[in-house]
Structure formats: structure tokens, C-alpha cells
Amino acid sequence: MSLGLTEIALILVVVLVLFGGKRIPELAKALGKAQYEYKKAKEMLQNEAQDLKDSVEKAAAEEAKKSENKK
């Protein structure tokens, strides 16, 4: 689903009419801040997941080493 130039122009006109010229920069700033917070939270979750994965792999390796030493 691709938007053409006409559709984008129509959307911009509707936004301009609904919110006015003064509110658009405020909305853009809020959207930018929300996007930044989303990316930051996503990176934090990815780092936490990677740390958890590393911990599990380390524990599994230690367990395998212990069971190998028992034999």
C-alpha cells in the first residue's frame, strides 16, 4: 500500500485545516519525542534480552562442564 503525491497532499491539507498552522510544530515535536522514547525503550529491551540469553548460555555451558566432570 503506497501513498501517492495526491494522497499525501490531501492528508497534509486535512491536518492543516484540523490543527492549524500553530499546532503543527507542537504535534511534530511530540511525535518526534515519542519516536525517540520508543526507540530507546526498544534498545533497552533488546539489550536486556541479549543479557538474559548470554546468562542462560553461560549457565548451560557451566552445567555441561559439571556433568562432563562427573563422568
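What does helix α1 span between its end C-alpha atoms, and what would a straight helix of 66 residues span? In this predicted model, for which local features need pLDDT of at least 70, side-chain atom pairs count only at pLDDT 80 or more, and totals for chains, interfaces and linings use all residues, α1 spans only 70 Å, whereas a straight helix of 66 residues would span 98 Å at 1.5 Å a residue. The expected span is 1.5 Å times one less than the number of residues; helices (H or I, at least four residues) are DSSP runs, numbered from the N terminus. Residues are numbered from 1 along each chain as its sequence is written, and side-chain values use heavy atoms, with hydrogens and water left out.

At Gly 20, α1 bends by about 100°, the bend being the angle between axes fitted to the seven residues ending at a residue and the seven starting there.

Two salt bridges are present in the structure, each defined as a side-chain nitrogen of Lys or Arg within 4 Å of a carboxyl oxygen of Asp or Glu. One joins the side chains of Arg 23 and Glu 26 at 3.5 Å, N to O. These residues lie three apart in helix α1 (residues 5-70), and are therefore separated by about one helical turn. Arg 23 has a relative accessible area of 41% and Glu 26 one of 49%; both count as partly exposed, a class between buried (under 20% relative accessible area) and exposed (over 50%), computed with a 1.4 Å probe on protein chains only.

In the salt bridge between Glu 37 and Lys 40, the closest N and O atoms are 3.8 Å apart. About one helical turn separates Lys 40 from Glu 37, because they are three residues apart in α1. Lys 40 is partly exposed at 36%, and Glu 37 is likewise partly exposed, at 36% relative accessibility.

Terms used. Helices (H or I, at least four residues) and strands (E, at least two) are DSSP runs, numbered from the N terminus.
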